[in-house]
Amino acid sequence: MLFFFFHSSSRSHSHLFLFLRLLSSFPCPSSPSPPKLKNICYRHRSRALADARFALTDYLHSTRSLPFSHAELIASHSPFSLSLLVSQIPFDPSLPLSDFPRALRRFLSYRPINEYDFFFESIGLSPSSLSTSATTSTSTSTPSSSSLFLDPHLLAAVSALVHFGFPWAHLGLLYHGDPAVFRADPDCLLTRLRALESRGLHRACAIAVCLAFPAALVRDADLNSDLDLLLGDITCFFAEFDLKGNNVDAFLQLCQKIRVLYDTGAEVGTMGELMVRNKKIFLKIEKSALAQKLGFFARLGMKREEVGRFVLQNPEILELDLDNPSISMPGYLRHIGLGLDEVAEIAWRYPYVMGKNKLGNLPGSLRAVGLTEWFLCKIVDGNYHLLYADFVSSTSHDAKIESEFLLGMEKARIDKKEPFVDNKLEFLLGIGFGKNKITSRAVALVNSTRYQLQERFDSLLEIGIGYPTLCRMISATPKLLNQSKEMIQEKVYYLCNDLGYSLEYLDSFPAYLCFDLENRIKPRYRILNWLQEHGLLKKPFAPATVLANSEKRFMVNLYNAHPAAPKQWLECFSSRSHRDHYHKNLFTSRPENHC
């Protein structure tokens, strides 16, 4: 499968990550503040940077034999790396600035720079990723992974691309998409580019297609291959446009929107005519807005291969704001067609979903109550009015829910730092929780970033826990998300494989996931298994009985099984006895190690 497709057989719980991935499909270089130049008087810093830029250009061209145009572009488009270089030069601020160029040349003579840092920043990659990029590039394209100098094969590929017409600052899109482009043979690159032109694509359009779909430069478009079918769709789409212009950026914007469509799961070879009929959509809508709307229906449970086709066949949907409008439960459930009794039952079974939320989180809310399939059928049947405008009921019950939520959030903000509180709230609202007292309580109890919380939430879904069940578990025991994904999986594995319980048991005892595996769960079950092996225990206790009890109560239960069991627990099985045994062995082994 081509690199730029994300087809998989994963469960529907991956739809939120799909949506987030669509919003960040292409690099958006951040611009961290350059290092302070404490070695240069503040009045002379701009002049010092200009001198450094000139010296770097001369160094890359004269000393390293790079083409002058390449050297100038690298030096001119890497301000962070340039500032970092200047900050490392041993120069006394009290000296006249006229001495600085000489100090810079002397520095470069005895201390070669890491050219990858400057190169990657100049082509548009974030300075924060420079070390990773350099390591990746050197480890795959140069004999030594510690090399500081740009690889000749990389320079040859870059020269071929730039001479063909690729904007230097956009080359980072190719590296972000597929670093193999910079290891390709220049002749192969030119052959594939000319093949795109032979399909009827103008040069600027062919460049834009490669920037959005770097696989077009890495693989040959064999007949009826995925790449061939994709390029067929794109050629069909651009045949309706005037391809005489040379504005690469304009074509790139269109290609990036097309890529969003395929990243959602659209089937290659089937979208060309639909895109042509709706070409105005691609001219009007922003890429992020298109990704948000496609992700909305994917999270509602629509099959990935059907999302793009459904949206293009019903373009009026793209006129709707599917993110910001406010809704409130349970009033919205009445609005979409549920009866009073049904709404009352949902409010009783899923109280954590009640309260205000925004329409963009509706898929999570409906999944939390098990209504996504029913609601999606109504939307597919043409009931788009259910997604129109704001719908916030204002009953006394809703006012009470909101009042309790605001009170809880005020307390949480006092106890926690406000930015972290807001991030955790966004996570909970995104998975379907409403603005109510249960949510404000959970905000105060969960830790970690929104991304980490989402990762742990998705890992539990991957294990096989149902979405409504998992939301119910979090509402009862929010702290279960305060541990790594790996630890969660290890605890679930022990529950199912060693203790023999099904995943359904977690619905009744979600706190199991909060107990320490090595210091509480395993030690207590080791002695229970030992008692059972010796016929002193007829049947094992359930995890809720074993783990929720205090140490004192647990020892009472052991005593009831056999009067000598507590002594055996303290001497052989408890985590404390294992620690004492370890330290004793460590102490007694020291003389042997010295001998």
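**Entry 1: two helices**

I looked up helices α2 and α4 and found them roughly perpendicular to each other, because their crossing angle falls in the 65 to 115 degrees range used for that word (under 35 degrees is roughly parallel, over 145 roughly antiparallel, and the rest oblique). The axes of α2 (residues 45–63) and α4 (residues 79–87) come within 10 Å and cross at roughly 100°. Each axis is a line fitted to C-alpha atoms, for helices over the stretch in contact, and angles run from 0 to 180 degrees between N-to-C directions. I then listed the residues that meet: L49, A52, R53 and L56 in α2, and L82, S83 and V86 in α4. The residues of this contact divide into five nonpolar, one polar and one charged. Nonpolar covers Ala, Val, Leu, Ile, Met, Phe, Trp, Tyr, Cys and Pro; charged covers Asp, Glu, Lys and Arg; the others, Gly among them, are polar.

**Entry 2: what I am reading**

I noted that this is a predicted model, in which local features need pLDDT of at least 70 and side-chain atom pairs count only at pLDDT 80 or more, while totals for chains, interfaces and linings use all residues. Residues are numbered from 1 along each chain as its sequence is written, and side-chain values use heavy atoms, with hydrogens and water left out.

**Entry 3: the whole chain**

I found 34 helices and two strands in the chain. Helices (H or I, at least four residues) and strands (E, at least two) are DSSP runs, numbered from the N terminus. Of the 595 residues, 48% count as buried. Buried means under 20% relative accessible area, exposed means over 50%, and partly exposed lies in between (1.4 Å probe, protein chains only). I also looked at contacts (heavy atoms within 4.5 Å). Among those between residues at least 6 apart in sequence, 73% join residues at least 24 apart.

**Entry 4: the core**

In soluble globular proteins, nonpolar side chains tend to be buried together. I looked up the largest nonpolar core, which has 176 residues, and F166, F238, F297 and L387 touch the most other members. Such a core is a set of buried Ala, Val, Leu, Ile, Met, Phe, Trp, Tyr and Cys residues joined through side-chain atoms within 4.5 Å. Leaving aside neighbours within four places in sequence, F297 is in contact with M302, V307, F310, V311, I317, L322, I379 and L387.

**Entry 5: rings**

I searched the whole structure and found 21 aromatic pairs. The rings of F237 and F238 have centres 5.2 Å apart and planes at 75°, so the pair is edge-to-face. Rings of Phe, Tyr and Trp (its six-membered ring) pair if their centres lie within 6.5 Å; planes under 30 degrees apart are stacked, over 60 edge-to-face, and the rest tilted. Both F237 and F238 are buried. Elsewhere I found Y116, F119, F120, W168, Y175 and F182 linked into a cluster by ring pairs.

**Entry 6: the backbone**

I checked the peptide bond from M329 to P330, which is cis, with omega near 5°. P330 lies in the loop between β1 (326–329) and α19 (331–335).

S65 is not a glycine, yet has a positive phi of about 65°. I placed S65 in the loop between α2 and α3 (68–76). It counts as exposed at 59% relative accessibility.

N224, also a residue other than glycine, has a positive phi near 65°. I found N224 in the loop between α12 (215–218) and α13 (226–238). N224 counts as exposed at 57% relative accessibility.
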